[in-house]
Amino acid sequence: VTKKLICTFIVLAVIFGSVFIMINPPFTMPDENAHYINICRIVEGGFFPDVLNGEVGSYITADQNAFLSSFYGKYDGLNGEKADFWELYFQENLDFTNDELIFYSTRLSTINPFAYVVQWVGAGLANNVLGIKNPSTVLMFARFSSLLFYVAVTAIAIKKTPVLKRTMFLVALMPMAIYQGTSISYDAILIPACFLLFAYGMKLYFSSEDYVVCVEDMVAICFACALIFSTKIAYAPLIIFLLAINLKKFGSLKRFFFCIGLVGATAVTFYLVPTLICNVITNGCTNLQFDVLDQQKEFLASNPFIIFPVFINTVKSSLGFWV
């Protein structure tokens with residue numbers, strides 16, 4: 001049953017994921033413009049963000065910048081335009097030779113670089129190995145790399161979890177999950193990482209009393225934690241449920257603390273160190289401030305009784321959007 005479930009998942013996820021990759025024009029997925037810029041920077045050899053004249057951003061090539069300028073916001077529906085697939089897949093397939101670097105200022109350049117390791121494999125393969133300079137094609141490679149990772153890790157999670165296999169199967173095939181799994185957003189690796197952590201946690205929890213945590217278990221858990229710590233640290237508390245595992249399954253108290261130390265070292269390596277380095281690089285940058293958001297918070301904190309009327313008016317004025 002498990003083998004059939006996994007095969008069915010792989011086939012359906014690859015089919016629908018490939019369709020999503022092809023029919024979604026550039027920069028129509030969540031924050032894809034920002035993630036695209038960060039991936040381009042990493043492909044060009046810039047692991048951490050750059051700073052120019054007190055502003056944080058990324059150096060990307062003139063061709064990448066032209067591609068971004070041409071397509072960003074064009075197909076979001078706000079201006080009434082629809083996707084022109086002829087323009088996207090044919091007119092854009094031209095030779096790209098302008099490698100001049102341009103500084104693109106954005107505060108989202110501070111996202112943990114480890115969050116793009118999977119997408120970088122696809123984009124780097126296209127750009128640095130195959131010599132493909134077409135930004136549209138490079139973007140497709142990055143998306144497809146995300147999909148392959150999403151499918152592979154989720155399939156392993158379905159195989160390893162002793163409970164809720166069909167539930168994981170259904171959740172992983174939901175349109176929004178597949179949609180995110182085909183994006184270059186860090187959600188494409190966060191979702192399967194959470195599946196994997198859950199699967200191995202349940203495996204250890206429901207295993208027999210004489211089962212001893214092995215190297216495979218710790219590698220999988222640390223791998224999942226590395227992805228979670230480097231993408232959205234808000235999900236880190238998920239590891240707390242590992243404390244529900246019977247202490248005897250670690251073999252000894254010393255081995256238990258060793259395993260905890262491995263998870264802690266993973267957190268330091270994949271979250272704390274990159275964060276500290278990025279903070280040092282971007283210290284004092286002027287475009288990291290959320291001035292408008294801070295003003296809104298201050299206004300609402302000073303006028304708590306106006307929050308409900310503001311909420312009602314927002315729903316009324318944007319009802320069509322929310323629907």
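What follows is a chat about the model shown above.

Q: What kind of model is this?
A: This is a predicted model, in which local features need pLDDT of at least 70, side-chain atom pairs count only at pLDDT 80 or more, and totals for chains, interfaces and linings use all residues. Residues are numbered from 1 along each chain as its sequence is written, and side-chain values use heavy atoms, with hydrogens and water left out.

Q: How many helices and strands does the protein have?
A: There are 14 helices and three strands in the protein. Helices (H or I, at least four residues) and strands (E, at least two) are DSSP runs, numbered from the N terminus.

Q: And what does the C-alpha trace span?
A: About 60 × 55 × 45 Å along the principal axes.

Q: What percentage of the residues is buried?
A: Of the 323 residues in the protein, 43% are buried. Buried means under 20% relative accessible area, exposed means over 50%, and partly exposed is in between (1.4 Å probe, protein chains only).

Q: Among contacts between residues at least 6 apart in sequence, what share joins residues at least 24 apart?
A: That share is 78%. Contact means heavy atoms within 4.5 Å.

Q: Let's take single residues. Where is His 35?
A: His 35 lies in helix H2, which covers residues 32-43. His 35 counts as buried because its relative accessible area is 2%.

Q: What does His 35 touch?
A: Not counting residues up to four places away in sequence, His 35 touches Pro 30, Ile 111, Tyr 116, Ile 184, Ser 185 and Tyr 186. The C-alpha atoms of His 35 and Ser 109 are 8.3 Å apart, although 74 residues separate them along the chain.

Q: Which side chain makes a polar contact with that of Ser 109?
A: The side chain of Ser 58 does, at 3.1 Å. A polar contact is a pair of N or O atoms within 3.5 Å; within protein, one must be able to donate a hydrogen and the other to accept it, and residues adjacent in sequence count only if both atoms are side-chain atoms.

Q: Where is Ser 58, and is Ser 58 buried or exposed?
A: Ser 58 is in strand S2, residues 55-61. Ser 58 counts as buried because its relative accessibility is 0%. Beyond four places in sequence, its contacts include Ile 37, Asn 38, Arg 41 and Asp 50.

Q: Which elements give two or more residues to the lining of the largest pocket?
A: Helix H10 (215-231) and helix H11 (253-282) do. The largest share, six residues, comes from H11.

Q: Where is Tyr 271?
A: Tyr 271 is in helix H11. Tyr 271 counts as partly exposed because its relative accessibility is 30%. Leaving aside neighbours within four places in sequence, Tyr 271 is in contact with Asn 112, Phe 229, Ile 233 and Thr 266. Tyr 271 and Asn 112 are 159 residues apart in sequence, and their C-alpha atoms are 7.6 Å apart in space.

Q: What about the loops? Where is Phe 27?
A: Phe 27 is in the loop between helix H1 (2-23) and H2. Phe 27 has a positive phi of about 70 degrees, although it is not a glycine. Phe 27 counts as buried because its relative accessibility is 7%.
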